[in-house]
Amino acid sequence: MVLKTIDILKNEIPIEEESVIITEDVKAGLVLVDIINGFCTVGAGNLAPREPNRQICEMIDESTRLARLFCDKKWPILAFLDSHPPHKLEHPYPSHCITGTDESNLVPALRWLEKEQNVTIRRKDCYDGYIGSFKEDGSNVFVDWVKNNKIQTLLVVGVCTDICVLDFVCSTLSARNRGFLDPLEEVVVYSHGCATFDFPASMARNTKDISPHPQVTYNKSRICCYEKKKQTDALSSRYAPGPGKGRTTKELMHHVGLYMAKERGAKIAREVSFNSLKKP
């Protein structure tokens, strides 16, 4: 029944995903949205996965791959980390990612970013990284980061596709359209680099103040993620999605988030590659 619903959704609101090539002559920046323990590490908190999750694992693997490529090139990276003061909860969600706890820290696969000179880390206490970048003096960490690095193409990955990623992308596109983010031209959301969480209706009925948030998960035997690196490379390559593959059970709210970002003007990338300029 769930798969049938997703098939209907995909037919009614299809997403045209692109192959995006970033060349050396384009100033590119990478934004990592909330790839932290409280949303990604099994058992780490109220909104963390309850068991290994294929979509989240893929998102971490792909985000880590891109982060290493950007660091190798010394290109700018900005990482948003959801961090809430204990007295300032985020309705309608339960307590999560409290400041000073390991929930609000980068996942183990990305902790190395904290020592990289081309990486800016911004802790935020709201869904939207753009809004969460405002400082008390009215300046904005994200806006300054874009302008100071002269970013033309913004590549976005992280969680949750339909919440924090989407809110950030929508605000960024609105600001770009108003001329607040020159020289930014394109915002690209990489679908394999994003994920959302699974809170089925059966659980929501027994939990106060939280709505159902379904994610169609893959069979456990097909899980491949950074926590499973001891498994063979053959297993990893066998189930790694290639162009146009691996999305036959596209997750419900993930699809909705990508569609809404596309409707606001973002490019949705099924794959991202990098090309060096050819010498004349």
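A helix, labelled H, is here a DSSP run of at least four residues, and helices are numbered from the N terminus. The model on display is predicted.

**The whole chain.** The chain has 280 residues, of which 50% count as buried. Its exposed surface comes to about 13,800 Å², with 51% supplied by carbon and sulfur atoms. Where contacts join residues at least 6 apart in sequence, 76% of them link residues at least 24 apart.

**Helix H3.** Next, select residues 54-73, which form helix H3. The 20 residues of H3 should span 28 Å at 1.5 Å a residue, and the end C-alpha atoms lie 29 Å apart, so the two values agree. Of these 20 residues, 14 are buried, and H3 is thus mostly covered. Now move to Lys 74, which follows H3 and has a positive phi, near 60°.

**Gly 29.** Finally, select residues 28-33, strand E2, and locate Gly 29 within it. Is Gly 29 buried or exposed? Gly 29 is buried, because its relative accessible area is 0%, and buried means under 20%. Beyond the residues up to four places away in sequence, Gly 29 touches Phe 70, Pro 76, Trp 145, Ile 151, Thr 153, Leu 154 and Leu 155. To end the tour, display the C-alpha atoms of Gly 29 and Leu 155: they are separated by 6.2 Å, although the two residues are 126 residues apart along the chain.

Conventions. Residues numbered from 1 in each chain as written. Predicted model: local features only at pLDDT ≥ 70, side-chain atom pairs only at ≥ 80, totals over all residues. Heavy atoms only, no water. Buried < 20%, exposed > 50% of the residue type's maximum accessible area, 1.4 Å probe, protein only. Contact = heavy atoms within 4.5 Å. Areas by Shrake-Rupley, 256 points an atom, 1.4 Å probe, with all protein chains shown as cover. Helix = DSSP H or I, 4+ residues; strand = E, 2+ residues; numbered from the N terminus. Expected span 1.5 Å × (residues − 1).
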